[in-house]
Amino acid sequence: MREHGVLNRILLIYDESARRLDAQQPLPVDVLAKSADIVRRFIEQYHEKLEEDFLFPRFERANKLVDLVATLRRQHQAGRTLTDTILRLATVAAIQKDEDRRMLTATLRSFVRMYRPHEAREDTVLFPAFRTVVSSKELHELGEQFEDKEHALFGKEGFEGIVAQVGTLERALGIHELDQFTPAT
């Protein structure tokens, strides 16, 4: 599920946006709004929808990891609510109001705080266990279905196009160079 890489890069954008809002530094809110739009379209309406329609039910039918699946479902719903708030508050007018700026900052932090452990559990527990509830053939067929859905929703470029969009947003915030995250030794 390479989509988690996109989500992680958006989480970096959210972290940087929250940092700038706290410090009352300039923030191009269109970058934040476009990031939330990618979350809505690519993460929630595509990636999470695939999990909810194709992965979670298989675990539930196999009676495996049902508590984890229930939590992940609740977190998907909570994430959608947080995204609604981010989209509503990612405006020039909102960030000029102290209360709205504080709410936006808190919402960004809540989103990041929930999704880091969420995707870590999916990557280390749920996805590895998926092979125990489907056959190799079914896994391959699902992969083909997912790819077809990706191209139907996001065009020929699919995942790569979304990654390029995220890269553009990172550049707009000046957080695109990977080496800038390397601590000085």
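Analyst: H1 and H7 are roughly parallel to each other, because the angle between them is about 20 degrees and angles under 35 degrees count as roughly parallel. Their axes are 10 Å apart, and their crossing is left-handed. Please keep in mind that this is a predicted model.

User: Why give both an angle and a distance?
Analyst: Two packed helices are described by the angle between their axes together with the distance between those axes.

User: How are H1 and H2 oriented to each other, roughly parallel or roughly antiparallel?
Analyst: H1 and H2 are roughly antiparallel. Helix H1 covers residues 3–23 and helix H2 covers residues 29–62, and they pack at an angle of about 150 degrees. Angles over 145 degrees count as roughly antiparallel, so H1 and H2 receive that description. Their axes are 10 Å apart, and the crossing of H1 and H2 is left-handed.

User: Now for charges. How many salt bridges does the structure hold?
Analyst: The structure holds 18 salt bridges. One of them joins the side chains of Glu 150 and Arg 2, at 2.8 Å from N to O. This pair links distant parts of the chain, with Glu 150 in helix H6 (residues 136–154) and Arg 2 in the segment before H1, 148 residues apart.

User: Are Glu 150 and Arg 2 buried or partly exposed?
Analyst: Glu 150 counts as buried because its relative accessibility is 2%, and buried means under 20%. Arg 2 counts as partly exposed, at 36% relative accessibility. Arg 2 and Glu 150 also belong to a network of salt bridges with Glu 160.

User: What about pairs within one helix?
Analyst: Arg 20 and Glu 16 meet through their side chains in a salt bridge of 2.8 Å, N to O. They are separated by about one helical turn because they are four residues apart in helix H1. Arg 20 and Glu 16 are both buried.
In helix H2, Asp 37 and Arg 41 are likewise four residues apart, about one turn of the helix. Their salt bridge has its closest N and O atoms 2.7 Å apart. Asp 37 is partly exposed, with a relative accessible area of 31%, and Arg 41 is partly exposed at 26%.

User: Changing topic: where is Asn 63, and what is its phi near?
Analyst: Asn 63 is found in the loop between H2 and helix H3 (66–89). Its phi is near 55 degrees, a positive value in a residue other than glycine. For context, most residues other than glycine have a negative phi. Asn 63 counts as exposed, at 62% relative accessibility.
Leu 65 lies in the loop between H2 and H3 too, and its phi is also near 55 degrees. Leu 65 is partly exposed, with a relative accessible area of 32%.

User: Last one: which residues make the nonpolar surface patch?
Analyst: Leu 12, Leu 178 and Phe 181 make a nonpolar surface patch of about 310 Å². Leu 178 is found in the segment after helix H7 (158–173), and it is exposed, with a relative accessible area of 71%.

Key:
Residues are numbered from 1 along each chain as its sequence is written. This is a predicted model: local features need pLDDT of at least 70, side-chain atom pairs count only at pLDDT 80 or more; totals for chains, interfaces and linings use all residues. Side-chain values use heavy atoms; hydrogens and water are left out. Patches are made of residues with over 30% relative accessible area and no salt bridge: like charges are joined within 9 Å, nonpolar side chains (Val, Leu, Ile, Met, Phe, Trp, Tyr) within 5 Å. Accessible areas come from the Shrake-Rupley method with a 1.4 Å probe; for residues, only the protein chains shown count as cover. A salt bridge is a side-chain nitrogen of Lys or Arg within 4 Å of a carboxyl oxygen of Asp or Glu. Helices (H or I, at least four residues) and strands (E, at least two) are DSSP runs, numbered from the N terminus. Buried means under 20% relative accessible area, exposed over 50%, partly exposed in between (1.4 Å probe, protein chains only). Axes are lines fitted to C-alpha atoms, for helices over the stretch in contact, and angles run from 0 to 180 degrees between N-to-C directions. Angles under 35 degrees count as roughly parallel, over 145 as roughly antiparallel, 65 to 115 as roughly perpendicular and the rest as oblique. A crossing is left-handed if the near helix is turned anticlockwise from the far one by less than a right angle, and right-handed if clockwise.
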